[in-house]
Amino acid sequence: MKNKTILQYLQENHIIIDALCNGQKKCGKCKAKVLNRNINLTEQEKQLLTTKEVQEGICLACFHSYHSDDQIVVMNQKMRITDDIQETLTSHHQGIGVIIDIGTTTIVMKWIERCRGKCIESVSFINPQVSYGGDVISRIEYQNQNQTSYLHDILVESIENQLIEKNKEINQIIVCGNTTMIHFLLNEDVSSLGVAPFHVPQKDMQRINSYDIFKRYSYQCEMITFPHISAFVGGDIVSGIYANDIDQLDYPVLMVDLGTNGEIVVGNKDSLLVTSTAAGPAFEGVGMSCGGGSVSGAIEKVKLCPLEIETINHQKATCICGSGYISLLKELVEKKLISPMGKLIDKKDFYLTDHIFINQSDISHFQLSKAAIQTGVHILLENSKVDTIYIAGGFGSHLDVNDLKVIQVIPEDIKYAHNIGNSAIKGCYKLLMSQDFERVNAIVDKAKSINLANYEDFEDILVESLYFYD
Ligand code: FES
């Protein structure tokens with residue numbers, strides 16, 4: 001079998017690297033430095049690098065095979081190997097750090113060996129708070145009615161159990177999540193997050209002792225939470241902006257997180273507009289008759305007439321994940337099997353296998369999520385023209401941006417799409433490795449949060465967005 005490239009190694013280990021052409025040896029973005037051996041650059045590679053980069057020993061990660069003892073430093077536009085960074089990467093940052101993304105539905109945790117930036121353990125599990133409401137508003141209501149620390153307790157317990165089970169001595173924890181989740185984690189009062197004017201009690205980056213939260217875990221270390229922008233736009237989005245360098249781009253891009261809170265960002269180095277919409281968890285397959293996460297066996301792509309389905313890892317079909325629903329809806333639209341308002345033409349449940357189907361109530365549920373996202377995109381793009389979209393969320397690799405155009409979630413003029421996966425966790429990773437807290441705080445200072453409900457034509461745009469096609 002062919003050896004994997006350095007780029008493939010980095011991707012497999014969730015180490016962020018700019019790789020615009022995804023290893024096609026065309027873009028020249030995947031710059032890295034291998035510290036433990038000399039790399040002979042090819043002529044083609046030299047053409048893609050500056051003379052200075054060649055002199056500094058920088059190579060392109062997709063041109064070279066990975067050796068098992070390689071020590072690699074990933075470069076990006078803002079990061080050059082200097083003695084400082086070298087020292088930071090090789091001596092200052094020893095030990096293990098944990099990064100955590102607390103989603104409303106799913107929690108992701110990764111243990112990172114800090115000197116090499118390598119992920120050594122990874123888990124994801126359902127947020128135990130889902131039993132008390134699928135979205136943040138119902139959890140805030142539960143909290144207001146019951147006035148206990150129960151939602152804090154079960155959240156902390158679920159994360160702490162993982163820390164105890166893996167039993168690794170860690171020296172820093174970096175957490176991101178939406179504003180409500182982080183408030184639950186910190187045991188802060190969430191009541192003001194659910195009512196106008198949506199006051200946020202803890203807005204800034206918190207740097208506390210992990211023992212304040214995880215009392216049963218025997219190792220103490222610094223725990224850092226990403227700062228929030230508003231009650232609706234949390235640290236997970238700040239993390240996503242940071243992970244994808246949106247705050248440093250010359251040209252504006254649209255970033256959409258198709259998660260339960262449906263956060264949307266439009267911006268670049270000059271300005272950042274952010275909002276969130278109550279999309280609900282339909283894009284994550286939750287609340288749908290046969291929905292599920294992006295797990296092995298989930299249907300992630302559908303073709304109709306004749307019926308063809310593709311499942312994740314080519315396993316026997318078990319459910320339909322978010323990208324599967326988007327693909328299926330696009331087919332139902334193109335084959336005119338639903339009306340513009342999403343009514344199944346022959347009024348029968350639509351089967352993809354003998355037990356996996358979509359029915360009218362699933363379509364209506366999905367339609368509300370789609371309309372919420374579409375409305376936010378429409379309003380944020382009112383004064384900007386963008387041709388590039390970054391799509392975040394736990395989707396199968398097959399999410400096709402054209403499917404989103406067909407069902408009208410995003411405008412036709414989007415030409416370039418990047419599936420950025422869970423960019424919140426990538427931002428945590430990047431912060432763990434860079435310790436660039438100042439830049440993260442600067443993102444929050446620059447961002448302007450838009451409350452969609454205050455927008456004059458909000459209702460009209462929302463109603464129009466319910467249409468799947470004209
Ligand atoms: S990923 Fe584009 S050149 Fe390596």
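Analyst: The radius of gyration is taken over C-alpha atoms, and the globule rule is 2.2 Å times the number of residues to the power 0.38. This is a predicted model, in which local features need pLDDT of at least 70 and side-chain atom pairs count only at pLDDT 80 or more, while totals for chains, interfaces and linings use all residues. Residues are numbered from 1 along each chain as its sequence is written.

User: How do you know what radius of gyration a compact globule would have, and what does the chain have?

Analyst: For 470 residues the rule gives a radius near 23 Å, and the chain has 22 Å, which agrees with a compact globule. Along its principal axes the C-alpha trace spans about 65 × 55 × 45 Å.

User: What pLDDT does the chain average, and over which residues does it stay under 50?

Analyst: pLDDT is the predictor's confidence in each residue, from 0 to 100. The average for the chain is 88, and 94% of the residues score at least 70. Residues 77–92 stay under 50. For that stretch the model has 12 contacts beyond four places in sequence, a contact being a pair of residues whose C-beta atoms, placed from the backbone, lie within 7 Å.

User: What makes Q408 count as buried?

Analyst: A residue is buried if 20 or more other C-beta atoms lie within 10 Å of its own, exposed if 12 or fewer, and partly exposed in between, with C-beta atoms placed from the backbone. Q408 has 22 such neighbours inside 10 Å, and therefore counts as buried. Its place is in the loop between helix 11 (401–406) and strand 19 (416–421), where helices (H or I, at least four residues) and strands (E, at least two) are DSSP runs numbered from the N terminus. Q408 also has a positive phi of about 70°, although it is not a glycine. In the chain, 44% of the 470 residues count as buried.

User: Why is N313 called exposed, and where is it found?

Analyst: N313 has 10 other C-beta atoms within 10 Å, so it is exposed. N313 is found in the loop between strand 14 and strand 15 (319–320). Its phi is near 60°, a positive value in a residue other than glycine.

User: Why are G23 and K405 called partly exposed?

Analyst: G23 has 16 other C-beta atoms within 10 Å and is therefore partly exposed. G23 lies in the loop between helix 1 (6–12) and strand 1 (31–34), and it touches T5, L7 and C62, not counting residues up to four places away in sequence. K405 has 17 other C-beta atoms within 10 Å, so K405 is partly exposed. K405 is found in helix 11 and is in contact with I410, E412 and I414, leaving aside neighbours within four places in sequence.

User: What makes the largest nonpolar core a core, and which of its residues touch the most other members?

Analyst: A nonpolar core is a set of buried Ala, Val, Leu, Ile, Met, Phe, Trp, Tyr and Cys residues joined through C-beta atoms within 7 Å. The largest one has 106 residues, among which I100, V256 and C428 touch the most other members. Helix 10 (residues 360–380) gives the most to this core, with 8 residues. A second, separate core of 16 residues includes C30, A32, A61 and V73.

User: With which residues is C428 in contact, leaving aside its neighbours within four places in sequence?

Analyst: C428 is in contact with I99, I100, D101, I174, C176 and S239.

User: How many residues of domain 1 are in contact with domain 2?

Analyst: In domain 1, 4 residues are in contact with 4 residues of domain 2. The side of domain 1 that touches domain 2 divides into 1 nonpolar, 3 polar and no charged residues. Here Ala, Val, Leu, Ile, Met, Phe, Trp, Tyr, Cys and Pro count as nonpolar, Asp, Glu, Lys and Arg as charged, and the others, Gly among them, as polar.

User: What kind of peptide bond joins C305 and P306?

Analyst: A cis peptide bond joins them, with omega about 0°. P306 lies in the loop between strand 13 (298–303) and strand 14 (308–311).

Key. Contact = placed C-beta atoms within 7 Å.
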